[in-house]
Structures are given as structure tokens and as C-alpha cells.
Amino acid sequence: PALELRKWRLILLERRLEDLPEDPLYSLIALTEFWNDFGFPSDSPHEAQGVGNSLSPMEFYTQESLDRVVSRHQAWIRDERESIKKVTS
């Protein structure tokens, strides 16, 4: 079950990234909601405003911040896909 959950999480995250809203505020909120639905697992690439950082909302909810967060998510997807392949091979 844990491996199947990882597979679904990967697929759903790929879809979420494809369908992010245009506005950085709503995109970052959508990613936070995504990880909230999975209980904020320890391997999550997500960062939230004010959690483990001192970014103000004005600093966090920007296009630059969204670009950084999306890049981290894309790297996580690549790594997770490779990790799952190794486990299933």
C-alpha cells in the first residue's frame, strides 16, 4: 500500500502542476492544499510561508517564489519516479 500511495501521489502532483492557477498566490495555496491532503509527508518538496522560514506573505506569494517552489517539485518528481522504478525493478 505504501508504494501504491507513492505512485498515486506522484501522478496527482504531476497533474496538479499542469493545472496550477495563473496567479502565484492561488498556485502556492493549491500546492499547500495538495500536500495537506497527504498530511505533509516528510519527503515533501513543498515549502509554506512562515513554516521553517521567515518570509512574509508579500515575499512568499510572488512569481519568483512560485518558480522556485515549482522547480523543487519538478526535481522531486524526477527523483521520486527514479526511486519508484528502483523499488519495482
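Which residues of H4 are buried? The points below take up this question together with the overall fold.

1. Basis of the note. This is a predicted model, in which local features need pLDDT of at least 70, side-chain atom pairs count only at pLDDT 80 or more, and totals for chains, interfaces and linings use all residues. Residues are numbered from 1 along each chain as its sequence is written, and side-chain values use heavy atoms, with hydrogens and water left out.

2. Overall fold. The protein chain contains four helices and zero strands, where helices (H or I, at least four residues) and strands (E, at least two) are DSSP runs numbered from the N terminus. The pattern along the sequence is α-α-α-α. With a radius of gyration of 14 Å, close to the 12 Å that the globule rule gives for 89 residues, the protein chain is as compact as a globular protein of that length. That radius is taken over C-alpha atoms, and the rule is 2.2 Å times the number of residues to the power 0.38. The C-alpha trace spans about 45 × 25 × 20 Å along its principal axes.

3. Of the 89 residues in the protein chain, 31% are buried, meaning under 20% relative accessible area, with exposed over 50% and partly exposed in between (1.4 Å probe, protein chains only). Contact means heavy atoms within 4.5 Å. Among contacts between residues at least 6 apart in sequence, 62% join residues at least 24 apart.

4. Helix H4. The 26 residues of helix H4 (residues 63-88) should span 38 Å at 1.5 Å a residue, and the end C-alpha atoms are 37 Å apart, which agrees. The expected span is 1.5 Å times one less than the number of residues. The opening question is answered by Ser65, Leu66, Val69, Val70, His73, Trp76, Ile77, Glu80 and Ile84, which are buried in H4. An α-helix has 3.6 residues a turn, so residues three or four places apart point the same way. The buried residues of H4 pack against helix H1 (2-18), helix H2 (24-37) and helix H3 (57-60).

5. Glu80 and Arg9. Glu80 of helix H4 is buried, at 6% relative accessible area. Not counting residues up to four places away in sequence, Glu80 touches Arg6, Arg9, Leu10 and Asp43. Arg9 belongs to helix H1 and is buried, at 7% relative accessible area. Leaving aside neighbours within four places in sequence, Arg9 contacts Phe34, Trp35, Phe38, Pro41, Asp43, Trp76 and Glu80.

6. Two partly exposed residues. Phe40 is found in the loop between H2 and H3 and is partly exposed, with a relative accessible area of 42%. Phi of Phe40 is near 45°, a positive value in a residue other than glycine. Ile29 lies in helix H2 and counts as partly exposed at 31% relative accessibility. Ile29 and Tyr61 are 32 residues apart in sequence, with their C-alpha atoms 9.0 Å apart in space.
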